[in-house]
Amino acid sequence: FMKTNELSSPPALKMAAMVPATPPTAEEQAQKDADIRALLTNKANPRGIPTVRFIDDVDTFMKTNELTTEVLIGAFTELHQKYKMMEQQLVRQKASLKNKIPDIENTLDLVTILKEKQDEEEEMTVNYPLCDTVHARANVNTNGTVCLWLGANVMVEYSYDEALDMLEKNLTSSRAKLQETSEDQDHLKDQSITLEVVMARVFNHNVKTRRLEKEAAEAAAKAKAIES
């Protein structure tokens, strides 16, 4: 007969205990991350920039959604990095628009003058740059057409009316885009501030929780020492 202390667990149970938990697949992890991001944000602004959810009660929020401090801080840090990337992109976009709008306005003024000269059946004398410090004078024949640069080394010939219509649309669109960019920058600034405040609240909650756990452990150890 085998003694009680010689009994061993069945091989199948041993193998089951030794098998590590299956890690989540890439799709499962992506879905989990998306669910966490959905918890941290509210509806987005018209351009799709998410609004940070302000967490009043950090402890209740974490317990309700079964989140740890590490997971929550990690998700907030990722969101903060995305906001910074968006902010840099908007800064570049705004600078580009500020340079683009004066060019459109100047071109629009020039085509308007060409059309006026055409109506008056007059030639227009202009000074144009040969290089940075040298200009030449030339007579421009107001024949009703003008060539405009569209970018990417592309130039297209338009009639004066077509050019004016296109330039006015581009100017209106660029001004609206500049306004939207400024609004998005303000929105991002507000969200970054809210995000930093919420992260600070989570950090403070973690510090408070650890302190209470330490005090409880010390009190339990002290009570045990007194009993012994």
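Is D161 buried, partly exposed or exposed? Select D161 to begin. Its relative accessibility is 48%, so D161 counts as partly exposed. Keep in mind that this is a predicted model.

**Stop 1: D161 and K115**

D161 sits in helix 5. Colour by accessibility next. K115 has a relative accessible area of 23%, which makes it partly exposed.

**Stop 2: R175 and E105**

Select R175 and E105. They form a salt bridge, and the closest N and O atoms are 2.7 Å apart. R175 is partly exposed, with a relative accessible area of 45%. E105 is partly exposed as well, at 28%.

**Stop 3: E70 and R210**

Select E70 and R210. This pair is also a salt bridge, with its closest N and O atoms 3.9 Å apart. E70 is in helix 4, which spans residues 69-119. R210 is in helix 5, which spans residues 160-227. How accessible is E70? Its relative accessible area is 53%, and E70 is exposed.

In general, side chains of opposite charge can pair when their charged atoms come close.

**Stop 4: the salt bridges as a set**

How many salt bridges does a search of the whole structure find? The search finds 11. Some of them share partners. Select R47, E183 and D184 together. Shared partners join these residues into one network.

**Stop 5: a negative patch**

Select E116, D119, E120 and E121. Together they form a negative surface patch. Then pick out E121. It is placed in the loop between helix 4 and strand 3, the strand being residues 124-129. At 73% relative accessibility, E121 counts as exposed.

**Stop 6: a nonpolar patch**

Keep the surface on. Which residues make the nonpolar surface patch of about 250 Å²? Select F54, I193 and V197 to see it. Now zoom in on F54. This residue is found in the loop between strand 2 (51-52) and helix 3 (58-64). F54 has a relative accessible area of 38% and is partly exposed.

**Stop 7: two backbone angles**

Hide the surface and show the backbone. Select E66 and look at phi. The angle is positive, about 55°, although E66 is not a glycine. E66 is placed in the loop between helix 3 and helix 4. Its relative accessibility is 73%, so E66 counts as exposed.

Jump to N153. Look for N153 in the loop between strand 5 (145-151) and strand 6 (154-159). At 77% relative accessibility, N153 counts as exposed.

**Stop 8: the whole protein**

Zoom out and switch to cartoon. The protein has 5 helices and 6 strands. Trace the chain along its sequence. The pattern reads α-α-β-β-α-α-β-β-β-β-α.

Now colour by burial. What share of the 228 residues is buried? Buried residues make up 25%. Bring the surface back for a last look. The accessible surface comes to about 16,600 Å². Carbon and sulfur atoms account for 54% of that surface.

Technical notes
Residues are numbered from 1 along each chain as its sequence is written. This is a predicted model: local features need pLDDT of at least 70, side-chain atom pairs count only at pLDDT 80 or more; totals for chains, interfaces and linings use all residues. Side-chain values use heavy atoms; hydrogens and water are left out. A salt bridge is a side-chain nitrogen of Lys or Arg within 4 Å of a carboxyl oxygen of Asp or Glu. Helices (H or I, at least four residues) and strands (E, at least two) are DSSP runs, numbered from the N terminus. Buried means under 20% relative accessible area, exposed over 50%, partly exposed in between (1.4 Å probe, protein chains only). Patches are made of residues with over 30% relative accessible area and no salt bridge: like charges are joined within 9 Å, nonpolar side chains (Val, Leu, Ile, Met, Phe, Trp, Tyr) within 5 Å. Accessible areas come from the Shrake-Rupley method with a 1.4 Å probe; for residues, only the protein chains shown count as cover. Lys and Arg count as positive and Asp and Glu as negative; His and the chain ends are not counted. The place of a charge is taken as NZ of Lys, CZ of Arg, CG of Asp or CD of Glu.
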